[in-house]
Amino acid sequence: MRMKYVLSEVLVGLWRNVTMTVAMIITMAVSLFMLGGSGLLYQKVGDMKDLYYENVQVSIFLKTDVQEQQRTDLETKLNADPLVKDVTYVNKDEAYKRFQQMYADAPDLVNAVKPDQLPESFRLTLNDPQQYKQIYDQYKTAEGIDTIVDQSKLLDKVFGVLTGIQNGALALAIVMAAAALLLVANTIQVAAYSKRREVAVMKLVGASNWFIQAPFVLEAVVAGLIGSILGLLALIGVKTLAAGSSMAALEGLITPISWSEIFLTFPLMAAVGGLVSAITAWVTLRFYLRV
Amino acid sequence: MTKTYPKASRPSLDNVSVSIEKGEFVFFIGPSGSGKSTIIKLLLHEVTPNKGRVVVNGKDVTSMRSWKRPHFRRSIGCVFQDFRLLPNRTAYENVAFALEVIGKTKAVARRVVPEVLELVGLGGKEHRYPHELSGGEQQRVAVARAFVNRPLILLADEPTGNLDPDTSIEIMRLLDRINRTGTTVVMVTHDSNIVNQMRRRVIEIESGRIVRDQARGVYG
């Protein structure tokens, strides 16, 4: 009986001030979408770092006129180096094969290059990719070395951009959350004002505090949950759109975000949306209703 | 017991000590600002005294935690000068509302509400809205709402303040009848006519002090 009363009050409350309710839900949805998005991105960046840095290689290209002795010296030194996990030697023929594969689309270019023109190289896998600098300092002056290329330099740039996007989304989520918070507080104030007579009578006859507050708090929670559902739909929409557009080309680079990961962020969004709304409503009532 | 409001230059009630027995009918009289209404607020635990204690129904209200207040209020009925009815609810719904928000079922309301409306003399007008009722009838609804939960105490803050003399007398008869059921009635008023007719205990307050406490008293 009382549950029915509370629920009908919630619906009436949401409908009474419907423009404000819609504004509240939209702000909440955008905020939660941003939050969910940045959460997913955070996960992805972590996954990708593990994946890419694991396979990252340092290439030491040798001069074309490198001496046999210099090469063997270097190889022995690299094999003995505690920083290096694995060393692969790529001779001119292998380098040419790789070159052919890489530029299979451009036969003219491939025909123009002779195996002789490509440098020999050592491909190193490091125990810790972060220690590239030490390797570089150690070998840059060694005889017969042309250049040392570190793939992780490039990765750092990519991850820098991704982290930037993630931080931006998180910052926007927080700003939108602040707006949502104020809207919740305002909606609750308006609701409390329009029900001030009922509230006064309820206080007078001794209705319990939770019974007086429940409809208001639930009103905010329902709006928060609807907002989180809309935020989820937005995430689904973005994934669907991305899959069918130019973003699909990036799929090879960025590990794809799976549906299950998107759905797993929903509990987080719903919990944040519901809890933040409930707490805001409750605090507002403490000030405004003085029950 | 003393009550000073913040920012007030002098106490609203200054060293006042009063004892009201169960089943009594008491008038608090005095000019505006004398501290009469503060008595009602203290009894309702709407405000707490700065000094001294307020004991209602054997419970020390002064030290009562605020979360216990709702339950405590269920043993007190309240009637005000401005009726405080919900305009979008009928007489029946206004009274039933008071029951439902403290957890009584609709079945209980269906049994009890017509009974109490009959008692206050509104039989047959259950489904009128407040704006379809006269001032006296609206106050009867308010009395019904205050009494429906069978409180031990009925507080009335100038219940006849908005009513003409004849209607006021009718409301007083009603309060008298409620008093005869054993309910303690505490009424704040400055309606001298009524006080003189009823001949009940009169406590006169002036500038926060009791200047007179007289059984079967008159207005002064």
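**Briefing on a two-chain predicted model**

Leaving aside neighbours within four places in sequence, A:T125 is in contact with A:Q57, A:K85 and A:D86. According to an unreviewed UniProt entry, the annotation "domain: ABC transporter" covers residues 2–219 of chain B.

**A strand residue in chain A**

- In sequence A:T125 and A:V56 are 69 residues apart, whereas in space their C-alpha atoms are 6.7 Å apart.

- At A:P215, α9(A) bends by about 30°.

**Domains of chain B**

- For residues 2–219 of chain B, the span that carries the UniProt annotation, the end C-alpha atoms lie 25 Å apart, and the composition is 33% helix and 17% strand.
- The domain assignment of chain B gives a domain 1 in two segments, 1–75 + 152–220, together with a domain 2 that covers 86–150.
- Between the C-alpha centres of domain 1 of chain B and domain 2 of chain B the distance is 24 Å, and the contact between these domains takes 10 residues from domain 1 of chain B and 10 residues from domain 2 of chain B.
- On the side of domain 1 of chain B that touches domain 2 of chain B, helix α6 (residues 165–180) of chain B gives the most, with five residues.
- That side of domain 1 of chain B has, by class, six nonpolar, two polar and two charged residues.

**Contact between the chains**

- Chain B contributes 17 residues to its contact with chain A, and chain A contributes 15 residues.
- On the side of chain B that touches chain A, α2 (69–73) and α3 (91–100) of chain B each supply at least two residues.
- By class, the side of chain B that touches chain A has eight nonpolar, four polar and five charged residues.
- B:I102, which is found in the loop between α3 and α4 (106–119) of chain B, touches A:V205, A:G206 and A:A207 as well as B:R74, when residues up to four places away in sequence are not counted.
- With 19 C-beta neighbours inside 10 Å, B:I102 counts as partly exposed, because the buried class requires 20 or more.
- B:I102 and B:H71 are 31 residues apart along the chain, and their C-alpha atoms are separated by 8.7 Å.

**A buried phenylalanine in chain B**

- B:F28 lies in strand β1 (residues 25–29) of chain B, and it is buried because 25 other C-beta atoms lie within 10 Å.
- Not counting residues up to four places away in sequence, B:F28 touches B:K36, B:I39, B:V188, B:I203 and B:I205.
- Although B:F28 and B:D213 are 185 residues apart in sequence, their C-alpha atoms are 9.3 Å apart in space.

**Positive phi values in chain B**

- B:N15, a residue other than glycine, has a positive phi near 50°, and it is found in the segment before β1 of chain B.
- B:N15 counts as exposed, because it has 12 C-beta neighbours inside 10 Å.
- B:R199 is also a residue other than glycine with a positive phi, here near 55°, and its place is the loop between α7 (192–198) and β7 (201–206) of chain B.
- Since 12 C-beta neighbours lie inside 10 Å of B:R199, this residue counts as exposed.

Note on methods: Residues numbered from 1 in each chain as written. Chains lettered and ligands numbered in written order. Predicted model: local features only at pLDDT ≥ 70, side-chain atom pairs only at ≥ 80, totals over all residues. UniProt positions renumbered as here; feature names shortened; annotations may be inferred. Helix = DSSP H or I, 4+ residues; strand = E, 2+ residues; numbered from the N terminus. Domains from an automatic or database assignment. Contact = placed C-beta atoms within 7 Å. Nonpolar A, V, L, I, M, F, W, Y, C, P; charged D, E, K, R; others polar. Bend = angle between axes of the 7 residues up to and from the residue.
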